[in-house]
Amino acid sequence: VLRDGMHLMAGPAFQAQKGYNWAAPQGVQARVAAIVNAYATGNVTGGTEAGGLVGRNAIGHVENAYATGSVTSSQAFARVGGIAGFNNGVIYRVHASGAVTGTDATTTQGLVGWNEGAVENARWDTERTGRATGVHNALGATTNVVGLTHAQMFDSANYAGFAFTTTPDTADAWVIVNRGTVGGLNNVRAAGATGILLFGIV
């Protein structure tokens, strides 16, 4: 289990091949595992399954997590998503806001490129990801999965199903923190600025 403040990747483009939700995007491997209270900020360049948080979530559990880096794959028929390229586990209370680029519009999605599991209470930035749709359901199901404009991403009223608190570092709860003056999404407080959702990190 990866839990509580795990930062899965940062820095320049992350290069990886197929990963199984173990611990790194498109390269954190993890089968029947859990990623809880985690985030990823680095850019991902992947292969057949590329995700901002994990390439393949194979029967795993992802909860209270987000990804802000770009995700790119140039392979034919690649499954590409802001959170996961492929999912046949459970993805719950997540959001994504990085650009998502792939070769197949059907399997290049704001959140999950190919879903055979469950995705619930999830949001993606339709403007920053460049994706009008969030999940391609092959055999899976979605509940309360909503695309938001960039401005809407900063309003907690648009996150039904997410647990909020005003106290940072509260277990399994989200807070709004400010994004700074340059428009980038981060966890740095800046007076008078609007915020982005994080899970108890300021």
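Begin by selecting Leu53, Val62, Ile83, Ile91, Val94 and Leu111, which, of the 19 residues in the largest nonpolar core, touch the most other members. A nonpolar core is here a set of buried Ala, Val, Leu, Ile, Met, Phe, Trp, Tyr and Cys residues joined through side-chain atoms within 4.5 Å, and buried means under 20% relative accessible area, with exposed being over 50% and partly exposed in between (1.4 Å probe, protein chains only). The elements that give two or more residues to this core are strand S3 (34-40), S7, S11 and strand S15 (118-125). Helices (H or I, at least four residues) and strands (E, at least two) are DSSP runs, numbered from the N terminus.

This is a predicted model, in which local features need pLDDT of at least 70 and side-chain atom pairs count only at pLDDT 80 or more, whereas totals for chains, interfaces and linings use all residues. Residues are numbered from 1 along each chain as its sequence is written, and side-chain values use heavy atoms, with hydrogens and water left out.

Now centre the view on Val94 and display its surroundings. Leaving aside residues up to four places away in sequence, Val94 touches Val62, Ala65, Ile83, Leu111, Asn121, Ala122, Arg123 and Phe162, a contact being heavy atoms within 4.5 Å. A second, separate core of 7 residues can be selected next, and it includes Tyr66, Leu148, Phe162 and Trp174.

The structure holds 3 salt bridges, each defined as a side-chain nitrogen of Lys or Arg within 4 Å of a carboxyl oxygen of Asp or Glu. Select Arg93 and Glu63, whose side chains meet in a salt bridge at 3.5 Å, N to O. Because Arg93 lies in strand S11 (residues 90-96) and Glu63 in strand S7 (residues 61-67), the pair ties together parts that are 30 residues apart in sequence. Arg93 is buried, with a relative accessible area of 10%, and Glu63 is buried as well, at 17%.

Next select Glu49, Arg56 and Arg79, which are linked in a network of salt bridges. Arg56 and Glu49 meet through their side chains at 2.8 Å, N to O, while the side chains of Glu49 and Arg79 meet at 3.4 Å, N to O.

Finally, display the whole chain, which has 1 helix and 19 strands. Of its 202 residues, 50% count as buried, and residues 24 or more positions apart account for 62% of the contacts in the chain with a separation of 6 or more.
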